[in-house]
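Open your viewer and load the model below. Keep the selection tool at hand.

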Amino acid sequence: MPWINLIEVQRNEVKQLGRKARMFFLAFVSVSAVGVVGFGYLWYETEIANTLERKLSKQITRIEPLLTRIKTQDAQLAAMGPRLSTLEGAQQDTQRWKRILDHLTQNTPEDIWLTNVRCTGGSDGKPVVMEVKGMGSGLESIGQFLLRQEACPDFRSVTLKQSTERSQGGFTGIEFSALITVEGIEEEAPKASENSKDDKGGPA
């Protein structure tokens with residue numbers, strides 16, 4: 001009787017070991033399958049990344065000459081910047097003086113004769129001042145001339161400098177000179193550097 005019970009116990013142990021072995025085997029297979037799937041997924045993502053990298057490398061190689069050309073053109077534009085600014089400023093000044101001369105021509109009364117036009121200033125922060133000299137038949141005509149010049153948008157101020165009665169060639173009239181400040185044609189005065197300030201204000 002005891003031998004029979006012992007055999008039954010051994011059989012049960014063998015069955016349990018078999019079940020455990022199958023469970024371990026199934027777990028191993030599951031883990032292996034997950035590992036294979038994970039490896040396959042990583043390999044797939046790696047291939048996609050490599051393909052994208054090769055594609056981008058080809059695109060970079062293709063557009064590299066264009067980028068080099070753009071950099072070269074940018075450098076040329078930067079070098080031409082001061083020249084373009086100077087040219088634009090010259091064109092604006094030319095147009096401004098054309099407007100001024102046209103205004104003087106169209107707004108000078110018939111009994112006013114201009115004899116001289118001279119400009120000074122325009123540097124070190126000083127505005128351009130245009131001195132206009134001429135002859136008029138009377139003070140009223142000269143006043144009318146000055147009023148018409150004040151209407152010019154390119155003139156900041158118009159003032160009568162002097163007027164003198166004068167006879168010339170049998171004609172007696174008023175010789176005058178007017179000062180006209182031109183709007184917006186002054187250059188900024190150079191700013192003193194900190195070193196120059198220190199040199200001037202520092203101890204000897």
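The stops below go from the whole chain to single residues.

**Stop 1: the whole chain.** This is a predicted model. Colour it by pLDDT. The chain averages 80, and 86% of the residues score at least 70. Now select residues 200-204. Here pLDDT stays under 50, and the model has one contact beyond four places in sequence for this stretch.

**Stop 2: the elements.** Switch to cartoon view. Read from the N terminus, the order is α-β-β-α-β-β-α. Of the contacts between residues at least 6 apart in sequence, 65% join residues at least 24 apart.

**Stop 3: the surface.** Of the 204 residues, 17% count as buried.

**Stop 4: the sheet.** Select the four strands. They form an open sheet in the order S1-S2-S4-S3, with antiparallel pairing. Strand S1 (112-120) and S3 stand at the edges; each has a single partner strand, so one side of each lacks a neighbour in the sheet. From one strand to the next, the twist averages 15°.

Zoom in on S1 and S2. Eight bridges join this antiparallel pair. Pick Val 117, then look across to S2: its bridge partner there is Val 132.

**Stop 5: the helix across the sheet.** Select H2. This helix lies across S1, S2, S3 and S4. Against S3, H2 runs at about 160°.

**Stop 6: the largest nonpolar core.** Which residues touch the most other members of this core? Select Ile 100, Met 130, Ile 142, Phe 145, Leu 146, Phe 155 and Ile 180: they are the ones, out of 17 residues in the core. Helix H1 (2-106), strand S2 (129-136), helix H2 (139-150), strand S3 (155-168) and strand S4 (171-182) each supply at least two core residues. S4 gives the most, with five.

Centre on Met 130. Leaving aside residues up to four places away in sequence, its contacts include Trp 97, Ile 100, Leu 104, Val 117, Cys 119, Phe 155 and Ile 180. Arg 118 is also among the residues that Met 130 touches.

**Stop 7: Thr 181.** Finish on strand S4, where Thr 181 lies. Is Thr 181 buried or exposed? Thr 181 counts as buried, because its relative accessibility is 14% and the cut-off for buried is under 20%. Show its contacts, again without residues up to four places away in sequence: Pro 127, Val 128, Val 129, Asp 154, Phe 155, Arg 156 and Ser 157.

Technical notes:
Residues numbered from 1 in each chain as written. Predicted model: local features only at pLDDT ≥ 70, side-chain atom pairs only at ≥ 80, totals over all residues. Heavy atoms only, no water. pLDDT = per-residue confidence, 0-100. Contact = heavy atoms within 4.5 Å. Core = buried A, V, L, I, M, F, W, Y, C linked by side-chain atoms within 4.5 Å. Buried < 20%, exposed > 50% of the residue type's maximum accessible area, 1.4 Å probe, protein only. Pairing = 2+ DSSP bridges. Axes fitted to C-alpha atoms, helices over the stretch in contact; angles between N-to-C directions.
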